[in-house]
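Subject: Structure handover

Hello,

Here is the structure I promised you. Please load it first, then read my notes below.

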Amino acid sequence: AIEELDGASVPYMLIGGLALSAWALPRATLDIDLTLWVAAENRDGVCDFLATLYTARVANPREFVRKTGVLPAATQEGVRLDFIFAAFPFERTMIDRAPLRHIGRVPVRVARLEDLILLKLPSPRSRDHEDVLLILATYKNALDWDYLLSTADLLAETLDQPALSAMLREHQPPTDG
């Protein structure tokens with residue numbers, strides 16, 4: 001999938017459980033989650049392209065992507081892939097920030113830890129909240145807190161969920177001063 005996205009010049013980043021593993025935070029996962037940045041006018045074309053490479057797990061891929069922003073697919077071997085079409089400018093920034101990390105022998109753009117936190121923070125799933133706490137417990141002092149908090153503030157405002165940035169501030173390490 002990474003080679004296909006790179007070949008088609010589709011900006012992406014790996015997120016989810018596999019991204020955590022790429023940052024030495026192993027977690028079992030049953031799928032591969034990739035966030036894509038695709039201009040609105042190109043979404044149908046990219047959706048069709050991906051649906052020719054993989055088996056869509058929904059009846060009408062284009063319509064499903066229009067409604068949900070996600071294309072659930074699977075490889076011929078049955079590996080589940082979720083292609084998530086980014087919608088917000090800060091997601092484009094996240095994709096641009098994603099460094100190349102190796103998963104096996106494949107270089108993959110993996111979301112930075114701060115961005116994994118930001119993507120998981122608004123989720124209602126307890127698994128995502130556990131992942132946030134795991135990242136904070138392991139990497140709290142290595143995180144870019146200025147970026148994390150400013151983007152969390154933007155996310156909280158965009159989603160009208162002020163508690164998102166408040167939760168992070170509770171976990172912020174003390175600043176020297």
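This is a predicted model: local features need pLDDT of at least 70, side-chain atom pairs count only at pLDDT 80 or more; totals for chains, interfaces and linings use all residues.

An angle over 145 degrees between two axes counts as roughly antiparallel.

**α5 and α6**

These two helices pack at about 150 degrees, and their axes are 10 Å apart. That angle is over 145, so α5 and α6 run roughly antiparallel to each other. The crossing of α5 past α6 is left-handed. From α5, the residues in the contact are Glu91, Met94 and Arg97. They meet Glu114, Asp115, Leu118 and Leu119 of α6. Sorted by class, this contact has four charged residues, three nonpolar and no polar ones.

**α6 itself**

Helix α6 spans residues 113-120 and is mostly covered. Seven of its eight residues are buried. Those are Leu113, Glu114, Asp115, Leu116, Ile117, Leu118 and Lys120. What do the buried residues of α6 pack against? The list has β1 (12-15), α2 (16-22), α5 (89-97), α7, α8 and α9.

Leu116 sits in this helix. Its relative accessible area is 1%, so Leu116 is buried. Not counting residues up to four places away in sequence, Leu116 touches Ile15, Gly16, Ala19, Leu20, Trp23, Ala111 and Ile135. For a distance check, take Leu116 and Gly7. They are 109 residues apart in sequence, and their C-alpha atoms are 25 Å apart in space.

**α8 and α9**

Helix α8 covers residues 145-159, and helix α9 covers 163-171. They pack at about 155 degrees, with axes 7 Å apart. Therefore α8 and α9 are also roughly antiparallel to each other. On the α8 side, the contact is made by Trp145, Leu148, Leu149, Ala152, Asp153, Leu155, Ala156 and Leu159. On the α9 side, Leu164, Ser165, Leu168, Arg169 and His171 take part. Nine residues of this contact are nonpolar, two are polar and two are charged.

The loop between these two helices holds Asp160. Its phi is near 55 degrees, a positive value in a residue other than glycine. Most residues other than glycine have a negative phi. Is Asp160 buried or exposed? With a relative accessibility of 66%, Asp160 counts as exposed.

Ser9 has a positive phi too, at about 55 degrees, although it is not a glycine. Ser9 lies in the loop between α1 (2-7) and β1. Its relative accessibility is 63%, so Ser9 counts as exposed.

**α7 and α9**

Helix α7 runs over residues 126-139. It packs on α9 at about 30 degrees, with axes 11 Å apart. How are α7 and α9 oriented, parallel or antiparallel? At that angle, α7 and α9 are roughly parallel to each other. The crossing of α7 past α9 is right-handed. Val132, Leu133 and Leu136 of α7 meet Met167, Leu168 and His171 of α9. Five residues in this contact are nonpolar, one is polar and none is charged.

At a relative accessible area of 8%, Asp128 is buried. Leaving aside neighbours within four places in sequence, Asp128 is in contact with Lys120 and Ser123. At 43% relative accessibility, Glu130 counts as partly exposed. Glu130 and Lys120 are 10 residues apart along the chain, and their C-alpha atoms are separated by 9.4 Å.

**The nonpolar core**

The largest nonpolar core has 51 residues. Which of them touch the most other members? They are Leu36, Leu50, Phe83, Phe85, Leu116 and Leu168. Helix α8 supplies the largest share of this core, with seven residues.

Leaving aside neighbours within four places in sequence, Leu50 is in contact with Leu5, Leu36, Leu71, Phe83 and Phe85. Leu168 links back to the helix pairs above: it is part of the contact of α8 with α9, and it also meets α7 residues in the contact of α7 with α9.

Best wishes

Terms used. Residues are numbered from 1 along each chain as its sequence is written. Side-chain values use heavy atoms; hydrogens and water are left out. Axes are lines fitted to C-alpha atoms, for helices over the stretch in contact, and angles run from 0 to 180 degrees between N-to-C directions. Helices (H or I, at least four residues) and strands (E, at least two) are DSSP runs, numbered from the N terminus. Angles under 35 degrees count as roughly parallel, over 145 as roughly antiparallel, 65 to 115 as roughly perpendicular and the rest as oblique. Contact means heavy atoms within 4.5 Å. Ala, Val, Leu, Ile, Met, Phe, Trp, Tyr, Cys and Pro count as nonpolar, Asp, Glu, Lys and Arg as charged, and the others, Gly among them, as polar. A nonpolar core is a set of buried Ala, Val, Leu, Ile, Met, Phe, Trp, Tyr and Cys residues joined through side-chain atoms within 4.5 Å. Buried means under 20% relative accessible area, exposed over 50%, partly exposed in between (1.4 Å probe, protein chains only). A crossing is left-handed if the near helix is turned anticlockwise from the far one by less than a right angle, and right-handed if clockwise.
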